[in-house]
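Here is a friendly walk through one protein chain, written to be read beside the sequence and the model. Please keep both open as you go.

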Amino acid sequence: MLQSECLTINQDNHLTIGGLDTVSLAKEYGTPLYVMDEDQVRRNCRLYTNSMKQFYGDNGMILYASKAQCTMALCKIIASEKMGLDVVSGGELYTAHKAGFPMEHVYFHGNNKTEEELKLALSLGVGRIVVDNLHELSLLDRLCTEMNKNISILFRIKPGIDAHTHDFIMTGQIDSKFGVALENGEAMDIIKKAATMKNISVVGVHCHIGSQIFDLEPFCEAAKIMVHFMADVKQELGLSLTELNLGGGFGVQYIETDDPIAYDKYMEAVSQVVKSVCKERNLPLPRILMEPGRSIVASAGITLYTVGAVKTIPNVRHYLAVDGGMCDNPRYILYQADYTFILANKANNEKNVCYTVAGKCCESGDLLGRDVMLPAAESGDILAVTPTGAYNFSMSSNYNRIPRPAMVMVSEGKARLVIKRETYEDVIKNDCV
Ligand code: LLP
């Protein structure tokens, strides 16, 4: 099954992305190779921007959560789609800046921003800082005074929602390293404190309940809790908060059985909740921000590998080893994440062999998938893993001193290099002897 509308199979029985033959791409650029379809990214962006318009009008903005994949090429695409950007480190901020991203549409997140990162954010003029805790608030207050800057902030709030997803990517519950809690009064206290600070304007609140979520209900519940909290702030402190950032977390399809929510259904439901609680509590409608990461880029990306050793352990298992693995895609070893596998040069052949797909790192857990049905494979075949647009390149490493792969972007039938393949010289460039 092909997961994304950018993938097809051509008359040579080869997988194509954005109309380009993946076997030819592998030959031209080498493997492992990340391939992104720009047109698919833009389609995903528009699903969000159009449904925001349809259900909430113009008083909202979609921010792309760049942790899913942060490259200068992507920052430029996001800017041209008139979206904002969520960055979570100095490195992501710097990438956006170098790509010419409009800084006023950048939201700077993170649970432990350093002084250096905050200074960079203030000097580049980011639109908003999403403050996580009291330590950060005090630091920011001091830096604003020293640098003579004013900044608008949101606070990251833990709404107390337990979303059904992997433990490591669940973030909205009270026992989380992110944000301040509602139920123990911490959130109200920090806002009260910030309201007294001369260079800081508290304009809103933010929450993010987790990632790869398939239910609508936790999002609606979070929106409800957050709007009620905004009304409580108005009531208790007389402070009008105008922005509500509802985070990201919308699930995508990795395998046939994954069943994501259509984004317009999400927007429709959440808009209704926000409107009805605002009415009930007599609040003006806030500006709404949403921060999808995975669902903007995942389905637009695949990774191509060359098959090397194919090893059969009689009566046990067939191993198929590829020229990448946990260094370009650590999601299997971290989360036992599922993917769809396609033998790109035999795309429509019958899938009659069960393989465990292994990487090349010196680590038994370095797999990309277990019990994967594929056509009989041989060394030299091209294996496509999909969808890998989100949290693959961005989480890649040089483990075993393996150079990171190149990335090409395809659009309107053409491919261009957006990330060069690392060389061994790149790998040792910061070594001092
Ligand atoms: N906003 C905030 C504040 C976040 O922390 C995140 C993700 C997002 C937005 C975007 O969430 P998305 O729409 O992509 O689900 N490495 C994990 C995912 C970690 C997500 C962390 N925060 C993975 O590979 O599944």
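## Overall build

How many helices and strands are there in the chain? There are twelve helices and 21 strands, where helices (H or I, at least four residues) and strands (E, at least two) are DSSP runs numbered from the N terminus. The radius of gyration of the chain is 23 Å, close to the 22 Å that the globule rule gives for 433 residues, so the chain is as compact as a globular protein of that length. That radius is taken over C-alpha atoms, and the globule rule is 2.2 Å times the number of residues to the power 0.38. Along its principal axes, the C-alpha trace spans about 70 × 55 × 40 Å.

A word on what you are looking at: this is a predicted model, in which local features need pLDDT of at least 70 and side-chain atom pairs count only at pLDDT 80 or more, while totals for chains, interfaces and linings use all residues. Residues are numbered from 1 along each chain as its sequence is written, and side-chain values use heavy atoms, with hydrogens and water left out.

Of the 433 residues, 57% count as buried; buried means under 20% relative accessible area, exposed over 50%, and partly exposed in between (1.4 Å probe, protein chains only). Among contacts (heavy atoms within 4.5 Å) between residues at least 6 apart in sequence, 69% join residues at least 24 apart.

Helix H2 covers residues 38–56, 19 residues in all. From its first C-alpha to its last it reaches 27 Å, close to the 27 Å expected at 1.5 Å a residue; the expected span is 1.5 Å times one less than the number of residues. After H2 comes Gly57, whose phi is positive, near 80°.

The buried residues of H2 include Val41, Cys45, Tyr48, Met52 and Phe55. Thr49 also sits in this helix, and is buried with a relative accessible area of 19%. Leaving aside residues up to four places away in sequence, Thr49 touches Ile62, Glu81 and Met83.

## Helix H5 and its buried side

In helix H5 (residues 115–124), the buried residues are Glu117, Leu118, Ala121 and Leu122. They cover an arc of only 135° around the axis, which puts them on the same side of H5; the arc is that of the directions from the helix axis to the C-beta atoms. These buried residues pack against several elements, among them helix H4 (90–98), helix H6 (134–147) and strand S9 (151–158). Just after H5, Gly125 takes a positive phi of about 80°.

## Cysteines

How many disulfides does the count come to? The count is zero, a disulfide being a pair of cysteine sulfur atoms within 2.5 Å. The sulfur of Cys75 is 4.6 Å from the closest cysteine sulfur, in Cys70, which is too far for a bond. Cys207 is in no disulfide either, and the nearest cysteine sulfur, that of Cys220, is 12 Å away. Cys75 is buried at 3% relative accessibility, and Cys207 is buried at 1%.

## Backbone features in the loops

Most residues other than glycine have a negative phi, and most peptide bonds are trans. The peptide bond from Thr31 to Pro32 is cis, with omega near -5°, and Pro32 lies in the loop between helix H1 (22–29) and strand S4 (33–37). The bond from Thr386 to Pro387 is cis too, with omega near -5°.

Pro387 belongs to the loop between strand S19 (382–386) and strand S20 (406–411), where Asn400 is also found. Asn400 has a positive phi near 60° and is partly exposed at 35% relative accessibility. Asn315 has a positive phi of about 65° although it is not a glycine; this residue is exposed, with a relative accessible area of 84%.
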